[in-house]
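Take a look at the structure below. The paragraphs that follow walk through it step by step.

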Amino acid sequence: MSHMVNADLRGADLAGSNMAGANLCGANLCGANLSDADLSGARLDGANLSNANLDRAILERASMTGVNLTDSSMQDANLRGAVAHKAVMDRVDLTAARLKDADLTGAQLGAANLSKADLESTILTTAVLRAASLVDARLPGAQLSRTDLTGANLTLAHCKGANFNSAILERAVLEKAVLEKGFLVGIVLREANLSGARLNGAQLSHADLTRCNLAGADLSGANMLGSVLEGAVLDGTNLEGAVVREVDLTGILLSSARLVGADLSKSNLSNANLRDAQLKSTNLSHCLLQGAMLEGADLEGANLTGAVLREAQCSRANLVSAQLAKADRVRIVLAGAN
């Protein structure tokens with residue numbers, strides 16, 4: 001069974017077969033049963049494996065460029081180090097599959113199930129995973145730059161150090177996902193749900209976070225220079241030491257947010273809600289805070305040099321040791337402020 005180029009094996013029962021190193025390029029295995037089969041190092045380029053059963057199959061280091069795996073089942077399959085460039089894998093079930101170090105550049109994985117899959121250091125550059133499920137999947141160090149994850153579910157996904165530069169995650173769900181020290185430069189997260197997510201130390205410069213839910217997320221030490229946060233929810237978010245410089249935060253909800261030591265210089269916080277926010281030692285120099293709600297905010301030692309605080313509500317705010325040189329304080333409300 002070592003050479004079966006273009007073979008017609010539709011519906012064949014090959015469960016448990018030893019096909020290691022076999023040449024199955026262009027073979028038709030539609031609906032075949034390959035569960036528990038050993039296909040390590042096999043060549044499956046251009047093969048048709050749609051609707052096939054590959055549960056627990058070994059495909060380690062297999063060559064699968066252009067393979068068709070539409071609607072196939074690959075639960076707990078081993079694809080470590082496999083190469084599947086431009087593979088068609090729509091609706092494939094890869095639950096708990098092992099894909100560490102696999103290369104799926106440009107693959108089509110629309111509505112695929114990758115829940116609990118191991119994707120450590122997997123290459124998914126330019127792949128399409130629209131509406132895919134990656135719940136509780138492992139993606140540390142994975143390469144997902146320019147990947148389309150529109151509407152995907154990454155709840156509880158572990159993505160520490162993963163590369164999402166310029167990826168599209170519009171309307172994606174990333175609740176409690178771990179994106180610590182991730183690379184998310186230019187990422188599109190419009191209307192995405194990242195509530196409770198860990199993004200500490202992440203690179204988020206020039207990201208599109210329009211109407212993104214970041215409530216309770218950890219963005220401490222994150223770099224968000226020049227990002228778009230229009231309509232985003234940052235209620236209770238931890239932005240301690242984060243760089244949020246030159247960002248338009250007009251009308252943003254940041255009540256009770258932690259911004260200790262953060263850099264928001266030259267940002268627009270007009271009409272923003274910073275009620276009870278922790279802004280101790282925060283850099284707010286040259287910020288627009290016109291009409292902002294700062295009631296009960298802790299601004300001890302904050303740098304407000306050149307800030308525009310016109311008509312800001314600062315009642316009960318703590319302004320001890322705050323730097324207010326050249327700040328515009330026309331009609332500022334300071335009732336009960338320190």
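Leaving aside neighbours within four places in sequence, which residues is Leu-229 in contact with? The list is Leu-209, Leu-214, Met-224, Leu-234, Val-244, Val-247, Asp-248, Leu-249 and Ile-252. Keep in mind that this is a predicted model.

The largest nonpolar core has 121 residues. Leu-229 is among those with the most contacts inside that core, together with Phe-164 and Leu-269. Across the protein, 53% of the 338 residues count as buried.

Now step back to the overall form. Along the principal axes, the C-alpha atoms fill a box of roughly 85 × 20 × 20 Å. The radius of gyration is 25 Å. A compact globule of 338 residues would have a value near 20 Å. The protein exposes about 12,800 Å². Carbon and sulfur atoms supply 45% of that area.

The secondary structure comes to zero helices and zero strands.

Leu-99 gives a close-up of the contacts. Is Leu-99 buried or exposed? Leu-99 counts as buried, because its relative accessibility is 0%, and buried means under 20%. Beyond its neighbours within four places in sequence, Leu-99 is in contact with Leu-79, Leu-104, Leu-114, Ala-117, Asp-118, Leu-119 and Thr-122. Thr-122 is 23 residues from Leu-99 in sequence. In space, their C-alpha atoms are 6.5 Å apart.

At 60% relative accessibility, Asn-18 counts as exposed. Asn-18 and Ala-37 are 19 residues apart in sequence, and their C-alpha atoms are 6.0 Å apart. The side chain of Asn-18 also reaches the backbone: one of its polar atoms lies 3.2 Å from the backbone nitrogen of Ala-20.

Gly-196 falls in between. Its relative accessibility is 32%, so Gly-196 counts as partly exposed. Not counting residues up to four places away in sequence, Gly-196 touches Lys-176, Ala-215, Gly-216 and Ala-217.

Next, the cysteines. How many disulfides does the structure hold? The structure holds zero. A disulfide needs two cysteine sulfur atoms within 2.5 Å. Cys-287 is in no disulfide either. Its nearest cysteine sulfur, that of Cys-314, is 13 Å away. Both residues lie inside: Cys-212 is buried, with a relative accessible area of 1%, and Cys-287 is buried, with a value of 0%.

Finally, look at two backbone angles. Lys-181 is not a glycine, although its phi is positive, at about 55°. Glu-311 is not a glycine, and its phi is also positive, at about 65°. Glu-311 is partly exposed, with a relative accessible area of 35%.

How values were computed
Residues numbered from 1 in each chain as written. Predicted model: local features only at pLDDT ≥ 70, side-chain atom pairs only at ≥ 80, totals over all residues. Heavy atoms only, no water. Core = buried A, V, L, I, M, F, W, Y, C linked by side-chain atoms within 4.5 Å. Buried < 20%, exposed > 50% of the residue type's maximum accessible area, 1.4 Å probe, protein only. Contact = heavy atoms within 4.5 Å. Polar contact = N/O pair within 3.5 Å; in protein donor to acceptor, adjacent residues only side chain to side chain. Helix = DSSP H or I, 4+ residues; strand = E, 2+ residues; numbered from the N terminus. Rg over C-alpha atoms; globule rule 2.2 N^0.38 Å. Areas by Shrake-Rupley, 256 points an atom, 1.4 Å probe, with all protein chains shown as cover.
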